[in-house]
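Student: I have just opened this structure and would like to know how its parts get their descriptions. Could you take me through them?

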Amino acid sequence: MKAADVVFAGGPVHTVDAARTRATAVAVRGERIVAVGHDEVRDLVGPDTEVVDLAGRLLVPGFQDAHVHPVGGGLELGRCDLSGAVTLEEYRRRIRAYADAHPDLPWITGGGWSLETFPGGTPTRTELDALVPDRPVHLANRDHHGAWVNTRALELAGITAATPDPVDGRIEREVGGGPSGMLQEGAMRLVGDLVPAPTAEEELEALLRAQALLHSYGITAWQDAIVGANPVTADGAPAYLAAVRDGSLTARVVGALWWDRARGAEQISELVERRERLTGGRLRATSVKIMQDGIAENHTAAMLGPYLTACGHASDNAGISFVDPEALRAYVTALDAAGFQVHFHALGDRAVREALDAVEAARRANGWTDTRPHLAHLQVVHPDDVPRFRALGAAANLQPLWAVHEPQMDELTIPFLGAERAAWQYPFGDLLRAGATLVAGSDWPVSSPDPIQGMHVAVNRRLPGVAAPAFLPGQRLDLGTALAAYTAGGAYANHLDDTGTIAPGMLADLVVLDRDPFAGPPEEIAATRVLRTYVGGERVYAADDA
């Protein structure tokens with residue numbers, strides 16, 4: 001038999017097949033796996049074969065992120081990056097340092113700040129005015145559902161006490177009605193539309209910066225959750241096309257084309273054209289992203305019942321359904337008939353139900369097709385809707401890092417949901433027990449793109465190194481299930497059916513970890529590191545000590 005190009009041997013191999021089979025050796029020829037087994041695989045070692053000694057370390061399939069924003073994340077890394085910090089003092093230091101280091105920039109942009117830093121999650125323009133009084137500032141928060149702006153930016157946008165709230169957002173206001181400097185949801189566009197767009201070169205640099213980071217975390221494929229002009233993040237389409245043309249796109253990418261919620265079914269023909277134009281090489285734009293609601297912390301996530309007030313009484317607000325539910329059913333039915341996967345942002349229990357109702361309408365009208373719709377975020381899911389995921393073939397797209405006790409949860413969410421709804425949050429275990437297909441994503445730059453950190457939280461329901469109680473511990477997943485969501489589950493969501501498991505004939509998208517996390521206690525999962533990442537048998541990342 002012809003010799004292999006690469007053989008991995010000397011350590012455990014977690015294949016992520018249905019039986020969770022373990023092997024000890026894998027052979028690769030070209031871009032595909034040709035043998036999985038034990039000592040007999042060494043027969044494929046020839047004089048030119050590269051032998052990777054696992055030395056007891058674990059080999060797993062490449063991780064896949066089913067909901068991520070690489071171009072936006074890459075841009076933020078190169079701008080005023082506030083991520084990873086939670087104190088106002090540190091924000092002040094970073095903003096001032098960035099402004100001083102870039103005196104010629106007409107705008108100060110970036111983001112990543114945490115709601116928990118500010119009373120009610122709403123910073124003010126006066127803080128920014130003291131740091132940057134002469135140039136407009138626009139800084140998205142870490143979930144990208146709100147923006148912190150200074151007075152100069154508000155002036156350029158013409159926002160005053162007389163400016164009405166847009167139908168899909170809110171201008172936070174001072175006493176007297178003037179804008180306070182915090183713009184929620186659709187109100188972000190009032191200033192965001194004025195921010196200079198990144199150049200094509202900047203976007204390509206951002207994509208490649210993000211790709212290098214994601215490869216370092218073992219990510220070999222992803223679904224970009226927004227591709228197209230949108231109010232949330234940069235349109236990565238030109239960058240992807242440039243990377244396909246010059247061969248620098250080493251990951252496998254599915255693009256979710258943005259659904260413009262201000263328009264209707266007339267845009268479907270345009271989406272079909274964009275799907276054709278944005279499919280080539282390792283890029284396929286076969287999904288459509290519909291953002292059905294906002295987030296719980298600013299009370300824009302769509303709920304079946306009203307949010308509570310600070311006093312614990314029912315308010316007059318139950319969040320926002322960005323797309324009319326009846327229209328949503330018609331749109332999803334038409335998209336499904338056109339062969340699109342639909343990728344929903346559905347965070348509140350009403351949005352989840354509306355999305356599932358739309359999938360059900362499509363199934364009734366079109367029959368069962370292999371479009372694999374999936375719902376992302378799923379913060380609050382009514383128990384009656386949990387079994388519908390399996391019944392409708394709708395995958396549950398989990399962001400595990402959010403399922404923890406932290407100030408944003410304990411101070412800005414739970415008190416306004418009430419005890420009953422708070423107990424319905426991130427029901428990973430219930431979804432698994434109900435037979436749902438689980439896939440996983442990070443929503444980076446909202447939260448870390450590191451799948452190992454996500455697996456740690458999915459298993460432990462607490463952040464690494466944090467002594468907080470486990471968050472709804474009955475919703476924990478076992479490590480095998482969590483890892484499958486980041487590998488085989490992601491491959492399913494991305495229609496990459498020859499990835500996600502380690503078996504002969506599959507693409508050699510592989511990751512070498514520095515240990516076997518199954519062999520240690522669950523509390524130590526997060527200590528695991530990625531040593532090497534391979535896409536199609538080609539090494540795209542190696543740690544310094546790999």
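Student: What makes the strands E7-E8-E9-E10-E12-E11 an open sheet?

Tutor: Six strands line up in that order, with mixed pairing. Strand E7 (80-81) and strand E11 (169-173) stand at the edges with a single partner strand each, so one side of each has no neighbour in the sheet. Before we go on: this is a predicted model, where local features need pLDDT of at least 70, side-chain atom pairs count only at pLDDT 80 or more, and totals for chains, interfaces and linings use all residues. Residues are numbered from 1 along each chain as its sequence is written, and side-chain values use heavy atoms, leaving out hydrogens and water.

Student: How do you know that E9 and E10 pair?

Tutor: Two strands pair if DSSP finds at least two bridges between them. Strand E9 (residues 137-141) and strand E10 (residues 146-149) have three bridges, in the antiparallel sense, so they count as paired. His 138 stands opposite Val 149 in E10.

Student: What is the pairing in the sheet that runs from E6 to E19?

Tutor: The pairing is parallel, and eight strands form this open sheet in the order E6-E13-E14-E15-E16-E17-E18-E19. Strand E6 (63-68) and strand E19 (438-440) stand at its edges. Within it, E14 (residues 252-258) and E15 (residues 283-291) pair over five bridges, and the bridge partner of Ala 256 is Ser 287 in E15.

Student: Why are helices H16 and H17 called oblique to each other?

Tutor: Angles under 35 degrees count as roughly parallel, over 145 as roughly antiparallel, 65 to 115 as roughly perpendicular and the rest as oblique. H16 (residues 451-460) and H17 (residues 479-486) pack at about 140°, with their axes 9 Å apart. They are therefore oblique.

Student: Which residues of H16 and H17 meet?

Tutor: Pro 451, Gly 454, Met 455, Ala 458 and Val 459 in H16 meet Leu 479, Ala 482, Leu 483 and Tyr 486 in H17; contact means heavy atoms within 4.5 Å.

Student: Why is Leu 214 called buried?

Tutor: Buried means under 20% relative accessible area, exposed over 50% and partly exposed in between (1.4 Å probe, protein chains only). Leu 214 has a relative accessible area of 0%, so it is buried. This residue lies in helix H6 (residues 200-216). Leaving aside neighbours within four places in sequence, Leu 214 is in contact with Pro 70, Ile 219, Trp 222, Trp 444 and Pro 449.

Definitions and conventions: Helices (H or I, at least four residues) and strands (E, at least two) are DSSP runs, numbered from the N terminus. Axes are lines fitted to C-alpha atoms, for helices over the stretch in contact, and angles run from 0 to 180 degrees between N-to-C directions.
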